[in-house]
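Visitor: I am new to this structure. Please pick a single part, look at it closely, and then show how the rest connects to it.

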Amino acid sequence: MSGVVVLTDRRVARRPLVAVVAAAVAGGVRRVVLREKDLPRAERAALAVELRALLAEAGGTLIVAGPDPLGGDAVHLPAAGPYPPPSCGLVGRSCHDQAELRRLTTEDYATLSPVFPTRTKPGHGPPLHPEGLRELIEVSPVPVLALGGVETPDQVRACIGAGAVGVAVLGAIMRAEDPTAAATTLTSAFFKAVRQPSGATTGDQK
């Protein structure tokens with residue numbers, strides 16, 4: 001897991017969800033986490049099939065939030081459980097502090113959040129900021145994606161500079177008037193940060 005990973009939220013998307021994901025893929029995104037947990041399973045599974053096919057054409061991967069992979073082989077689990085994680089080809093876990101990182105066993109990666117203040121979950125935190133992110137990454141047993149309020153190239157660079165292998169974004173793509181342009185901007189910032197690491201700092205998401 002690395003690069004720019006998109007989390008879905010059809011409630012804030014400016015276009016139909018499949019269209020937004022297709023636009024993000026056109027902008028270089030290759031991994032998407034399907035949330036939409038309020039949907040009935042059959043409807044969510046049908047959406048997973050559609051998104052999985054879309055990503056497969058680009059060599060990408062659909063990850064399903066929750067322990068049910070909906071016919072696939074990749075899941076992203078909440079910090080609360082289940083423990084131990086199910087056996088899947090790819091397993092991620094949401095974490096927020098050292099205690100949750102210590103509970104990781106066979107997971108392939110973790111997200112750490114919130115790094116910056118976020119409009120998706122206002123008041124959620126307190127934000128880690130790049131300094132706190134770095135401290136947790138140093139004790140994490142698995143690679144880390146930075147999550148929460150990441151919307152600008154400077155923020156992407158700050159997260160990679162702190163040791164994250166990538167960033168997970170929601171609002172930056174879902175709310176974008178042009179998801180392809182937004183995805184292109186963020187993925188370009190990621191690759192530049194990987195090639196030329198820097199200690200650049202960034203402003204917080206407002």
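**Strand pairing and what surrounds it**

Guide: Start at one pair of residues: Arg93 has Ala110 of strand β6 as its bridge partner. The model is a predicted one. Strand β5, residues 90-95, runs parallel to β6, and four bridges join the two.

From β5 the pairing can be followed back to β4. These two strands also pair in the parallel sense, again over four bridges, and one of the pairs is His76 with Gly92 of β5. The strands β3 and β4 run parallel and are joined by two bridges. Strand β4 itself, residues 74-77, is covered on both faces. Ala74 and His76 are buried on one side, and Val75 and Leu77 are buried on the other. In a regular strand, side chains alternate between the two faces of the sheet.

Eight strands form a barrel with parallel pairing, in the order β1-β2-β3-β4-β5-β6-β7-β8. On average, and with direction ignored, neighbouring strands of this sheet are turned by 25 degrees against each other.

Back in β6, which covers residues 109-112, is Leu112. Its relative accessible area is 0%, so Leu112 is buried. The largest nonpolar core has 65 residues, and Leu112 is among those with the most contacts inside it, together with Leu133, Cys159, Val169 and Ile173. Neighbours within four places in sequence aside, the contacts of Leu112 include Cys95, His96 and Asp97, and also Leu128, Leu133, Leu136 and Ile137. Val144, Leu145, Ala146 and Leu147 are in contact with Leu112 too. Ala168 is 56 residues from Leu112 in sequence, while the C-alpha atoms of the two are 9.4 Å apart in space.

Helices come next. Helix α2 lies across β2 and β3, and runs at about 155 degrees to β3. Helix α1, residues 17-26, has the buried residues Leu17, Val20, Val21, Ala23, Ala24 and Val25. Among the elements covering them are β1, β2, α2, α6 and α7. After α1 comes Gly28, with a positive phi near 110 degrees.

Side chains of opposite charge can pair when their charged atoms come close. The whole structure holds seven salt bridges. One of them is between the side chains of Arg35 and Asp9, at 3.6 Å from N to O. Arg35 is in the loop between β2 and α2, and Asp9 is in the loop between β1 and α1, 26 residues apart. With a relative accessible area of 21%, Arg35 is partly exposed, whereas Asp9, at 5%, counts as buried.

Another salt bridge joins the side chains of Arg10 and Glu36, at 2.7 Å from N to O. Arg10 lies in the loop between β1 and α1 and Glu36 in the loop between β2 and α2, so this pair ties together parts 26 residues apart in sequence. Glu36 is buried at 4% relative accessible area, and Arg10 is partly exposed at 30%. Arg10 also forms a salt bridge with Asp38, with 2.7 Å between the closest N and O atoms. Asp38, in the loop between β2 and α2, is 28 residues from Arg10, and is partly exposed at 48%. Salt bridges with shared partners also join Asp9, Arg11 and Arg35 into one network.

Conventions. Residues are numbered from 1 along each chain as its sequence is written. This is a predicted model: local features need pLDDT of at least 70, side-chain atom pairs count only at pLDDT 80 or more; totals for chains, interfaces and linings use all residues. Side-chain values use heavy atoms; hydrogens and water are left out. A nonpolar core is a set of buried Ala, Val, Leu, Ile, Met, Phe, Trp, Tyr and Cys residues joined through side-chain atoms within 4.5 Å. Buried means under 20% relative accessible area, exposed over 50%, partly exposed in between (1.4 Å probe, protein chains only). Contact means heavy atoms within 4.5 Å. Two strands pair if DSSP finds at least two bridges between them. Axes are lines fitted to C-alpha atoms, for helices over the stretch in contact, and angles run from 0 to 180 degrees between N-to-C directions. A salt bridge is a side-chain nitrogen of Lys or Arg within 4 Å of a carboxyl oxygen of Asp or Glu.
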